[in-house]
Amino acid sequence: MRRQWPFWAAGGALLIAVGGGWLAAGPDATDASPAATRDAVATTARPTASPEPRPAQAPAAPDALLTSDLVSVFDKVLAEAQADSKATLMARAPALLAKYLREDWRVRALGLLERYVDLQEAMQAMQPPTPGDAAYLRRSLQAREALRRQYFAPEEIEGLFGDQIRQDNFMADKLELLANTALTPEQRAAALAKSEQAWLSPEQREVRKESVAHLDVMRQTEALDARGASPQERFAARSEAYGYEVARGLATLDQETQEWNARLDRYANASEAEQAQLRETLFNDTERLRLSGALAMRSAAASKPARQGG
């Protein structure tokens, strides 16, 4: 019987499941649910003391091979190998690595890949994250850190997994802060900003800033919709918050959305016989693929107030 080999990126899978969007939730996202993991871990990976935050601007690894890009290459090789055993994988790996790496890196990369595979198998013995105490999440991160040290040297861990480790620890800080009801919103925002500065690189902070700004735009648009703001009011509010060019782009998006909704209304209110014709005349090929989903979303949204009222 062939055995499936489920692999995932070291360090990342934990918080993808738990945090769902460490980049997208801003300092005031107090509605996020804290999440954690069980404290059952592999016997070879016992939790250690909480690691000190690593410098956000850590010196670049002198070895150009040791970067997060190599982990991405490893994940591609694992996916493409379609192996049912480690022996089969390692036999196929040299040819696959040759697709992505220059010749003088391949022998060392093959050795790193073998240890990466061993690390992934060891991590499978750890319990997946489940909702609960944020302290369990912290202990699980510590256990994973200890496990990495069994397979890789410090400089290898920093080069291959450093960015992901810092992201995970920032997410763990965020979950703990959200769970701390003793903090005021201002204290929570200040503590989160301090954690972001400690853990994230300038590049990571910029990506997070852009994601938070996107959420801010969505929240402002919802508020403008709720109070029935006129196009002039919407443009003025957006210009003040985000600048003229962004406000102009959002105004165009408003117009396109309004026109799309008008076509949906016309289609939804037509008879079955008319809908067959309107489907062809009102919508292009791409829009027709979206049509049933868009109507279902409108129906669900329209039924929410009735359910809440009942």
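I worked on a predicted model, where local features need pLDDT of at least 70, side-chain atom pairs count only at pLDDT 80 or more, and totals for chains, interfaces and linings use all residues. Numbering runs from 1 along each chain as its sequence is written, and side-chain values use heavy atoms, without hydrogens and water.

**R238.** I looked up its place first. R238 sits in helix α9, residues 231–242 (helices are DSSP runs of H or I, at least four residues, numbered from the N terminus). Is R238 buried or exposed? R238 is buried, at 2% relative accessible area (buried is under 20%, exposed over 50%, with a 1.4 Å probe and protein chains only).

Next I checked its side chain. It makes a polar contact with the side chain of D254 at 2.6 Å (a pair of N or O atoms within 3.5 Å, one able to donate a hydrogen and the other to accept it; residues adjacent in sequence count only if both atoms are side-chain atoms). Beyond four places in sequence, R238 is in contact with Q220, T221, L224, G243, A247, L250, A251 and D254 (heavy atoms within 4.5 Å).

**Cavity.** I found one cavity of 30 Å³ or more (points on a 1 Å grid over the protein atoms alone, where a 1.4 Å probe fits but cannot get out; lining residues have an atom within 4 Å of a point). The largest cavity holds about 80 Å³, the space filled by probe spheres set on the points. Which residues lie nearest its centre? L141, E145, R148, I165 and N169 do, among ten lining residues. α5 (134–151) and α6 (154–179) each supply at least two of the lining residues. α5 gives the most, with six.

Key
On a 1 Å grid over the protein atoms alone, a cavity is a set of points where a 1.4 Å probe fits but cannot get out, and a pocket is an open set with protein on both sides within 12 Å along at least five of seven lines; lining residues have an atom within 4 Å of a point.
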